[in-house]
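Q: Please take a close look at the surroundings of the ligand in this model, and then at how the chain that holds it meets its partner.

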Amino acid sequence: MGPLDALPRLQVGDAFTSVVEWIEGNLPWLLDTIKTVLKWAVNQLDTGLTYIPVLVTILALAAIGWYLRSWAFGVYTLGGFVLIANMDMWDESMSSLALVIVASVCAMGIAVPLGVAGARSHNVSRIIRPLMDMMQTMPAFVYLIPTLFFFSIGVVSGVVATVVFAIPPGVRLTELGLRQVDGEMLEAGQAFGASPWQVLSRIQIPLALPTIMAGVNQVIMLSLSMVVIAGMVGAGGLGGVVYEGVTRLNLSKGFEGGLAVVILAIYLDRLTGALADRAPVARALRVRSAAE
Amino acid sequence: MTDDPLSPEINLIEARGLFKVFGQSPMASVERLRQGTSRDELRESGSTAAVIDASFAVRRGEIFVVMGLSGSGKSTLIRLVNGLLDPTAGSLLVDGEDIAGLSPKQLRRVCQDKVSMVFQHFALFPHRTVLENAAYGLEVKRADKHERSARAREALAMVGLDGWEDYLPGELSGGMRQRVGLARALASGTEILLMDEAFSALDPLIRREMQDQLMDLQQRLGRTILFITHDLNEAMRLGDRIAMMRDGRIVQIGTAEQILNDPANDYVAQFVQDVDRARVLTAASIMEQPVALLGSGAGPRAAHKLMRENQLAHLFVVDRHRRLVGTVHEADVAEAVKRAHDDLTDIIDRSPATVQGSMTLAEILSDSAESSVPLAVINESGRLLGVIAKVTLLNALSDNGTVDAPDSGVDGLSGPHAESVAVPGTPTGPLVSAESMNSSGGDS
Ligand SMILES: Nc1ncnc2c1ncn2[C@@H]1O[C@H](COP(=O)(O)OP(=O)(O)OP(=O)(O)O)[C@@H](O)[C@H]1O
Ligand SMILES: [Mg+2]
């Protein structure tokens, strides 16, 4: 009998269960609100995206790509999305896109304030960090259990699990970006009598924007990687297609679904990259390196 | 050490017994400092006393320079004035209002309306254009767009940057960037300008240019400037008054000349040792009262007598209002006496070398070398204020202060007096022996 056996079994899992049960029992209004809002947002976006004629959407996406990045990227977009439509994955792709957009917006909506709080206070940062480590390393599937518990099968569970999974890089990169801003910049703001909010909004965030945008990019990529798992809990979309391919051992369907995810991923990745490059600071940096 | 107490209308910034200690329980550290614990002892216990018992007053409209080595607490001191740092103890009045007791909101008002700052490394916002940078102070104040832009453009024009409004700071050279920094401070319209080593990051030529520009602007605008530097030449060029700081304490406050001629202690003396005195000292600060003056109505005999009595080879001739008429020389006077002339008008040299009191020694050096008689220092209306002999000039330029050595009782601040001129035994050398002033005593 080892000394460790003397330690009574700690009921870690049960403790977590009781937290989940407490939330379900005491905060039903909160859960209901989340459910209604998320469902509404995803549905609106999904319906909107599929309502527009396919060709119009494709041309619009290509135009955005061309405008923000390059004509080559516009051509890629055109080809990629035509292929998606051709594979009969259009509706699924649009509903996945809707889910990714809603999840990313929610994740950034939570991540930026947390990142700001972390950047402002070392104590907050000390609390946030291990939490983020845990959220990022916890196997993504585990998130499904409580979310299913709260929101049952459906798109909302998919979104919530995705949000939780995608938050950490958003928080980390926001905090990092804000901390990297030269202290003299903040001093300059204060020296001219700027309020903390003015310093944050007009100096810190604009200067941290490239890093924050890198966070946005990561959040979107993680959200996309969650699409399949979300498909398992009935969020539909491309995840549903892939999941079906797996369960029915339908190789071609599964591959096509996966390919559509990849096309979406590359599009969103390059687009956010281009957006980051357009930030005023990024422009200023280019100016400087050109001058030197 | 402290300035004499002046009324608040004159003192725009006034610090009394100001302390700033970084570290744990700063108040206790202040107590210890007051009881005589040294800064080094305090450092052993983990606290840094950055500013210790500083008292000074900056007068409205002057450039007040704080000068000291790295780590002496200059930046900390200036950051107390605009509330970037809280004083640990003491009071700090800005325009009569104690900064220490203000709420963050009131403090922001002070920064918006009364105090602005120029930074060593410019601290321009890289993502904003030159115009947006210059307009920042007004933007914070929520001035309306038109006024903002108009005043920012005006400030940019003042520093010679018109036409650069739409560039980004990254596209500008260092000197130009700091002009934007200056324009940003000027545009906000505050009476007080804090400049923390504002020109230190610039190379020497640009730095000089910026100093000139600042003095120029100051002439026109008459702001109150608290300027920090570790370059004594800069301090002496710009400063109406200079505070010497050492290890957190202010060890001397005075004009450039006072500090140069009468350093309060060895530290200051060492500091001023390698200052370029030629560019700091002015003619007025080293000139001496002429031993004797000749009225323009006097005759050759009076002149001759005066010369003999005072052992002078020449005399300055002035009119009733002490305006300089010219000089007369020993040989001419002797000749006139011999021929029994009773008028000096023919022998007065009416174009003696004259200089203004505000000129630096560097500027009068060549005049002095070319002139066979001492330089006459005159004011705008031609009044003779004093004279500068070659020996005086050379003494002033050598930094060991022999200017007033012969008569130790002389107060270095107001410049040496007449006696030191004709005192025998002033150092002699090839240059000095060419000196016309005390010739007849020596070489016959
Ligand atoms: N925030 C801070 N926390 C702890 N110590 C500080 C802080 N700021 C300054 N100090 C210390 O206070 C002392 C004075 O610093 P300060 O920056 O005022 O000097 P300085 O005269 O401006 O020097 P420099 O010429 O290098 O700019 C230094 O020993 C510095 O290490
Ligand atoms: Mg400093």
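A: In this predicted model, strand E2 (48-59) and helix H3 (74-81) of chain B each contribute at least two residues to the shell around ligand 1, and the largest share of that shell, three residues, is supplied by H3(B). The shell comprises 13 residues, the closest being Ser70(B), Gly71(B), Lys74(B), Ser75(B) and Thr76(B); by class, three are nonpolar, seven polar and three charged. Ser70(B) places a polar side-chain atom 2.5 Å from an oxygen atom of ligand 1, whereas Ser72(B) approaches with a backbone N or O atom, 3.2 Å from an oxygen atom of the ligand, and a backbone N or O atom of Gly73(B) lies 3.0 Å from an oxygen atom of ligand 1. Of the 630 Å² of accessible area that ligand 1 has on its own, the protein covers 62%.

Turning to the partner chain, 30 residues of chain B are in contact with 23 residues of chain A, and the area buried between the two chains is about 2,300 Å², with carbon and sulfur atoms giving 64% of it. Two salt bridges are found across this interface; in a salt bridge between Glu139(B) and Arg202(A), the closest N and O atoms are 2.9 Å apart. There are also five residue pairs in polar contact across the interface, both residues at pLDDT 80 or more. On the side of chain B that touches chain A, two or more residues come from each of helix H4 (104-113), strand E6 (115-118), helix H6 (136-140) and helix H8 (174-187), with H6(B) giving the most, four residues. That side of chain B has 13 nonpolar, nine polar and eight charged residues.

Conventions: Residues are numbered from 1 along each chain as its sequence is written. Chains are lettered from A and ligands numbered from 1 in the order in which they are written. This is a predicted model: local features need pLDDT of at least 70, side-chain atom pairs count only at pLDDT 80 or more; totals for chains, interfaces and linings use all residues. Side-chain values use heavy atoms; hydrogens and water are left out. A residue is near a molecule or strand if one of its heavy atoms lies within 4 Å of it. A polar contact is a pair of N or O atoms within 3.5 Å; within protein, one must be able to donate a hydrogen and the other to accept it, and residues adjacent in sequence count only if both atoms are side-chain atoms. Accessible areas come from the Shrake-Rupley method with a 1.4 Å probe; for residues, only the protein chains shown count as cover. Ala, Val, Leu, Ile, Met, Phe, Trp, Tyr, Cys and Pro count as nonpolar, Asp, Glu, Lys and Arg as charged, and the others, Gly among them, as polar. Contact means heavy atoms within 4.5 Å. Buried area is the accessible area (1.4 Å probe) that two parts lose on being put together, summed over both. A salt bridge is a side-chain nitrogen of Lys or Arg within 4 Å of a carboxyl oxygen of Asp or Glu.
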